[in-house]
Amino acid sequence: MSGITPDVVEAHGLSPEEYERVLHALGREPNLVELGIFSVMWSEHCSYKSSRFHLKKLPTEAPWVICGPGENAGVIDIGDGQAAIFKMESHNHPSYIEPYQGAATGVGGILRDVFTMGARPVANMNALRFGRPDHPKMKHLVQGVVAGIGGYGNCVGVPTVGGETNFHRAYDGNILVNAMTVGVADADKIFYSAATGVGNPIVYVGSKTGRDGIHGATMASADFGEDSEEKRPTVQVGDPFTEKLLIEACLELMATDAIVAIQDMGAAGLTSSSVEMATNGKAGIRLDMNKVPCREEGMTPYEMMLSESQERMLMVLKPGKEAMAEAIFRKWELDFAVIGEVTDTRHMVLEFNGEVVCDIPLGPLAADAPEYERPYLSKDEYKAWAKVPALSGVPEKTDIRADLLKLMASPDLASRRWIWEQYDSQVGADTLQLSGGDAAVVRVHGTQKALAISTDCTPRYCYADPYEGGKQAIAEAYRNLCAVGATPLAVTNCLNFANPQRPEIMAQFVGCLQGMGDACRALDFPIVSGNVSLYNESKATGGGSAILPTPAIGGVGILTDYSKMATIALKEGAQKILLIGANPKVGPEIGQSKWLEVCCGKEAGPPPKVDLALEKRNGELVRQLIDKGLVTAVHDVSDGGILVAVTEMALAGGMGAQLQTIAFEDYVDSEKARHAWSLFAENQGRYLVTEPIDSHIVEKLANDAGVGCCFIGWTGGDAIRIGPDEETTVAEISLAELREASESFFRDWMEV
Amino acid sequence: MSGFRGAVVTFPGSNCDRDMAVALEEVSGEPAIRVWHGDADLPDGLDFIALPGGFSYGDYLRSGAMAARSPIMQAVIAAAGRGVPVLGVCNGFQVLTESGLLPGALMRNAGQNFVCRTVALTVENNQSLFTAGYDAGAEIRIPVAHHDGNYFADEATLDRIEGEGRVAFRYAEAVNGSQRNIAGVLNEAGNVLGMMPHPERAIEPAHGSSDGRALFASAIRSLVSA
């Protein structure tokens, strides 16, 4: 009767073994609507079938965690009866196919995850990875993604305050677009998704349902074949204006006591929202498909259930509140329809034209869902497969002037001004610090508090050593939050990997998660929400390549008094520049450094190691220095090492610096005189701070805390000067030249 | 000033309405009155009306075009005619040109991209009720954030508004391709100001510039002396 052939099953992305599970769950053959629902609910995107086993091992708890993974977003306590709600999510596959709409709807989706829980979104962030700038598609992709993120975020009026952008050939055929939203709510007004109360009305609000995005979740769960261009119709189209109205209408309704449960319709639309609400509430659900607001005539229940039309929400209301709720949504010119009710059957029943077109037992839909413990390579096997070249033939001294200019103009380190000027970063009038510093900082409206947010990951480290790379991603987020003076609280993540059915890719996934877990435990920095994006590999561009393992981390921290916030800009001349976290026992870690890649043409060696105990101690000291107002500028040392960090501080402040290598080579290089290594190594857990000339407290406090600290030079002048001591100059690069180098990359690429 | 009655209009898609209300409250010490676009009438006895930034009706059709036809705009036009100060910022400026209260139009930025940054402006006319708190020729720093801020009018109109001192602010740097770098324009009577930069985002030290404060303070002070 239903005509479910093996071809139809395969077209829905289900394996024969998974189809057997469907038959078992239902106890009969499904019809097409039911098959469609199983296919999206059991897609990698919705079911986490390859990742769940390992995700369960991540630390998710702390006294300040109100809600960890499993809901729409994570919730943490930020004091004074307020909560921060946040999550990061990928929109990689759609963005490669149609960059503007792919990125725009990525922003829209993550915003809904946050305001559906009762928060007003206060900040957007993003983590972007692109291929080689000279790849024929890349300029178009970068322009489209940036315009799409801006087009959506600017219109809804949520400031886009920061993010990160990297370029590597491994992303030529599979760019990554990860969007993060942070919102603020009253801690006693958090909304969850569990549908309860038999007979309570189920209400559909927002935009009408169209035929767009059907099977987006299934698409996002497969490799790109040769036909990715043909997948364009599966990309949804965003309408940020409707989203803005939806935010205001939902928040207005949330201020009343009418809502029992609420869930946005994201990937797999009406299917996943209704299934999740009923499952979480241990209830059943009955929907009348004739009542679903549709954009086009003649839509079938199959299409309605699988549509990924944007800007829609599903709610369970308390009985008798329908009229009041409808008035609010009508005022905001949005659709509002009662489409069903909560039942006690534990079945999802769909009716259309008076007939039951779907009847799925929710227990088995969840219980029989596939979960794979996919095989993965051991550490040694992975090493043999990854073939990371050993460090050899690395020069110890080079033309530092030429190298610094080259680094500052390189795609990963150049100024991102071209990108972030396209984002409204100021709307809300609470943005205190922007992209370009270590973390973005946004004031909690009407208070002295501020949230600090940072997105971080160093994929080349993760490839060379997944475990250390995973640790480093968490540690860098922690460090960036500390560097503005914020106490790190919790993490969201977006785990972007290639095909998990390949044991080497699964080894990357498992290794990164182990590293992340260890770092989160050591730093009291739990993971409260996240998203997994697998199958990021492509045959479409002739690359046949997997992406680098990219577990993007979004860290959130709190400043209790924003007036104490630190920034990276050098403020005054004749101040001491100190290196915090210098560890004389470890030589310069030059492996996988930006300098090695950009200036020596090598992607070689092990990545730097993170000592988690030191990381914590160093971070605590830096926060203490900032809280007591003892330092005038702070910057973490990351890509490009000490010299790039100093240069970034100098450019931000419009003031130069003079580095005296004799003063610090004892601390950074046991063999001394390997100046290039000392200046460009990417040893972890380090910060640069500046201290007024007549103050001598920083070194003392560092000694007391058991944290390495050494003088490296002075602020002042209009150049970066490097020499062994004050009298001798080995290299001198004017700020004007450095600024030109930094600005040149995007300008020359985009504006000519 | 006690008893100051400033109103902020919210259109569907306005997103700087709260920021504008906060700025008015911060400078005046009085709560801002929020007005819904669908209302036919303004509250009585208003001293000041602000049309905020944002994307009214999604900027679909043309920025500000649909909001300019909202029921409330008839009341705003009437109030402007009676001399009530009206400030339109960003999308509010676009609504003012679309509703005919100000000359010219705001086109897509010359660079085609959205632009958000703090820019330098020159105060061209410090005789208006909005600008009396600045020194003539002063350079101030105010953030912009817009996609359609490229001010256009024909040469005769430009010559006329320049001659009448109706260019309130001019960009001191290239921002969006505006004719003669015009950033803010006054109506003939001087009680309606439209500007692309956001003075409500430059009110306190935490904003990085407080140069917008004098604009609100001037308008409020002018009411005291009136």
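Student: Is A:Lys379 buried or exposed?
Tutor: This is a predicted model. In it, A:Lys379 has a relative accessibility of 57%, so the residue counts as exposed.

Student: Which helix is A:Lys379 in?
Tutor: A:Lys379 belongs to helix 15 of chain A, residues 379-386.

Student: Switching to sheets. What is the order of the seven strands in the open sheet of chain A?
Tutor: The order is 23-25-22-26-24-27-28, with mixed pairing. Strand 23 (633-636) and strand 28 (731-734) of chain A each have a single partner strand, so one side of each has no neighbour in the sheet. From one strand to the next, the twist averages 20°.

Student: How many bridges join strand 27 to strand 28 of chain A?
Tutor: Four, and these two strands run antiparallel. Within that pairing, A:Arg721 has A:Glu732 in strand 28 of chain A as its bridge partner.

Student: Which strands does helix 16 of chain A touch?
Tutor: Helix 16 (residues 400-408) packs on the sheet and touches strand 27 and strand 28 of chain A, with its direction at about 35° to that of strand 28. Helix 27 (residues 735-750) of chain A also packs on the sheet, touching strand 27 and strand 28, but its direction makes about 65° with that of strand 28.

Student: Now the two chains. How many residues does the contact take from chain A and from chain B?
Tutor: Chain A gives 28 residues and chain B gives 25. About 2,100 Å² is buried between them, and carbon and sulfur atoms give 57% of that area.

Student: How many salt bridges cross the interface of chain A and chain B?
Tutor: The rule finds four. One salt bridge between the chains pairs the side chains of A:Asp430 and B:Arg18, at 3.3 Å from N to O. There are also twelve residue pairs in polar contact across the interface. On the chain A side, helix 8 (138-156), helix 10 (240-254) and strand 14 (431-433) each supply at least two of the residues that touch chain B. Helix 10 of chain A provides the largest share of that side, four residues.

Student: Which residue forms a salt bridge with A:Glu248?
Tutor: A:Lys244, with the closest N and O atoms 2.8 Å apart. Both residues lie in helix 10 of chain A, four residues apart, or about one turn of the helix. A:Glu248 counts as buried at 14% relative accessibility, and A:Lys244 is buried at 7%.

Student: Back to B:Arg18. What is its relative accessible area?
Tutor: It is 28%, so B:Arg18 is partly exposed. The side chain of B:Arg18 also meets that of B:Asp19 in a salt bridge, at 3.7 Å from N to O. B:Asp19 is buried, with a relative accessible area of 3%.

Student: Which residues of chain B are linked in a network of salt bridges?
Tutor: B:Glu124, B:Glu155, B:Asp159, B:Glu162, B:Arg170 and B:Arg180. The side chains of B:Arg170 and B:Glu162 meet at 2.8 Å, N to O. B:Arg170 counts as buried at 18% relative accessibility, while B:Glu162 counts as partly exposed at 25%.

Student: Last topic, backbone angles. What is phi of A:Gln592?
Tutor: Phi is near 60°, a positive value in a residue other than glycine. A:Gln592 sits in the loop between strand 22 (576-580) and helix 21 (594-600) of chain A, and is buried at 6% relative accessible area.

Technical notes:
Residues numbered from 1 in each chain as written. Chains lettered and ligands numbered in written order. Predicted model: local features only at pLDDT ≥ 70, side-chain atom pairs only at ≥ 80, totals over all residues. Heavy atoms only, no water. Pairing = 2+ DSSP bridges. Axes fitted to C-alpha atoms, helices over the stretch in contact; angles between N-to-C directions. Contact = heavy atoms within 4.5 Å. Buried < 20%, exposed > 50% of the residue type's maximum accessible area, 1.4 Å probe, protein only. Buried area = accessible area lost by both parts, 1.4 Å probe. Polar contact = N/O pair within 3.5 Å; in protein donor to acceptor, adjacent residues only side chain to side chain.
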